[in-house]
Amino acid sequence: MKALLAILSVLSFSLSAAETLLVDDFAVPGLTAWQVLDVGKNAAPSAWSVSLGAVHQTTNIHTRTWDGNRRADWTGSYLVRRDFAFADGTVELAFWSTDDDGVGLAWHVQDTGNLCKVQLNASPPFWQVSRTVGGEFRCIAVGTVGYRPGVLQRLRVRCQGKQTAVWLEDRLLYLGEVDGPDQGSVALESRGNAGTHADYVRVIQETPWTETDLHRLVAGMALRQAELEHLAVLPGETLRLRLPQVCEATASVHVGDREVARVSVAGTLAELWRNPGGIDTLGEVRLWQGETMVRSLPFNVWQAWPRDIGVCAHRGDNRLAPENTVPAIQLAARKGAQQIEIDVTRTKDGHLVLLHDLTLDRTTDGTGKPGDYTLAELKALDAGSWKGEPWRGTRIPTLEEALAEIPDGIWVNLHLKTGVGADTARLVTKLGRTQWCFLACTVEEAKLARAVNPDLHICNMTGQAGPDSPYPQATIDNDCQFLQFHGFGDNMPRVCRELAAHGVQRNYFPANDPAFFRRTLEAGVQYPLTDNLDAMLEVLDSLGIPRAGL
């Protein structure tokens, strides 16, 4: 807290009255006031243009392929304002994206090797604050909030010296030092995003924050980063709130339609409420600054752990055996995984087989598409030695061979490649496996499968996203029995209860960390998909959740 207040005291040094330094609403066609600086070599060059009162960039220019590392240097193309420089002030960008990759705002830009930057991503959602000095990149902070595709949003940066605050709309993303250049121009960035659009950019100098404003900013940031220790409380357990730093606020606890506790929060760990038992409902913690509610944190109040939960072995026990093979499936089933996910595609001569990738290259000694091979030709390939010498000679199984290894009582998650819905429906129906199998596919593929058998279980894979998206309601509207979340959020417990009320079972992908795996279960997810089966089974054992078949 002291460190942050020291930072904020610098932010409040005297400035002149609010003054506009730059405004460009792109009302005039052309980019004569701007300079394009392409860094990415993939899908280059960029295509910046001005039309209809906005600036647009319409290629996927990028430096590197996404590998999940949010702290890496992700760069595309910059549009830099010519003949402009500022030191202290607020930069605001109004933007929207018709893609889901990087949109950025850079300040104190001297060239591509000297600048400060915030970049946002939509899928997966994240933000990154970084600086580059003398060509050396350093990631300063990251978070899991992203922008919403297709929605006009404001990204703001306030910098005074090295002290910096970053907001997306009214949500404070970052507050702290950015040790980059202390002055320079302003720039828009597009990275891997063929639909980057901006309505305006402006730079202003503002009147200084008061000390009261600064304290509220610090407290607000802490409350937006706060989290409940657990998202489910059982009888006798205590609900606790964790904060990243000391701040003064109030937390009210609501169970059902009653407020059951109100607590003044003055530290980094607050005990809020103890579950007396006899309750099974949704709870909610409301965080307050004065009379203003800053945040709502739903949680589950349970009598006991639900019995219809477990773990989904992603492509079988792929940590130990080659994915989508009989050995991986056998291991997962013998260990007691409650659900097993496998990928279904088709051969040249119409047989259904297991393979995840669109080509054979990664997981076999063959090349090309599986649809270019007959079943006999695929069966001649080695699908195991890539995983290690003990698995040499392992073959690609047919779907029928795979299903024979999975007994009833274990859910079979059949992730369908495009065009196999009807054939998979016929085979599953013929084998009498409709009770414990479901087809994970698009809404369009589900229509083809249901034309064969309208009683099949369907997992909606169209528009996969987190709880704060249209995905859950679309799943209900399309009469699907499962969904597979891809993205977490505060509202997960509330949305999971709404889905359960409509008979929808909940998967989540991915969950490879034991602590996060448990958190998804607390939120109401039933079967998180994992590539770390043994560790997740240990979590279930510790919670008293029986393994399948036991």
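**Exercise 1.** How many bridges join strand β19 to strand β22, and in which sense do the two strands run?

*Solution.* The model is a predicted one. Begin with the residue ranges, which place β19 at residues 249-255 and β22 at residues 281-289. Between these two strands there are six bridges, and the strands run antiparallel.

**Exercise 2.** Find the strand that forms a hairpin with β22, and describe the turn.

**Exercise 3.** Characterise the lining of the largest cavity.

*Solution.* Counting cavities of 30 Å³ or more gives three in the structure, and the largest of them holds about 60 Å³ of space. Its lining includes Glu323, Leu354, His356, Arg395 and Pro397. Sorted by residue class, the lining divides into five nonpolar, five polar and two charged residues.

**Exercise 4.** Which residues of helix α6 are buried, and against which elements do they pack?

*Solution.* Taking buried to mean under 20% relative accessible area, one finds in α6 (residues 421-430) Gly421, Ala422, Thr424, Ala425, Leu427 and Val428. These buried residues pack against the strands β25, β26, β27 and β28, and against the helices α5 and α7. After α6 comes Gly432, with a positive phi near 70°.

Key: Residues are numbered from 1 along each chain as its sequence is written. This is a predicted model: local features need pLDDT of at least 70, side-chain atom pairs count only at pLDDT 80 or more; totals for chains, interfaces and linings use all residues. Side-chain values use heavy atoms; hydrogens and water are left out. Two strands pair if DSSP finds at least two bridges between them. Helices (H or I, at least four residues) and strands (E, at least two) are DSSP runs, numbered from the N terminus. On a 1 Å grid over the protein atoms alone, a cavity is a set of points where a 1.4 Å probe fits but cannot get out, and a pocket is an open set with protein on both sides within 12 Å along at least five of seven lines; lining residues have an atom within 4 Å of a point. Grid points are joined across faces, edges and corners, and a volume is the space filled by probe spheres set on the points. Ala, Val, Leu, Ile, Met, Phe, Trp, Tyr, Cys and Pro count as nonpolar, Asp, Glu, Lys and Arg as charged, and the others, Gly among them, as polar. Buried means under 20% relative accessible area, exposed over 50%, partly exposed in between (1.4 Å probe, protein chains only). Contact means heavy atoms within 4.5 Å.
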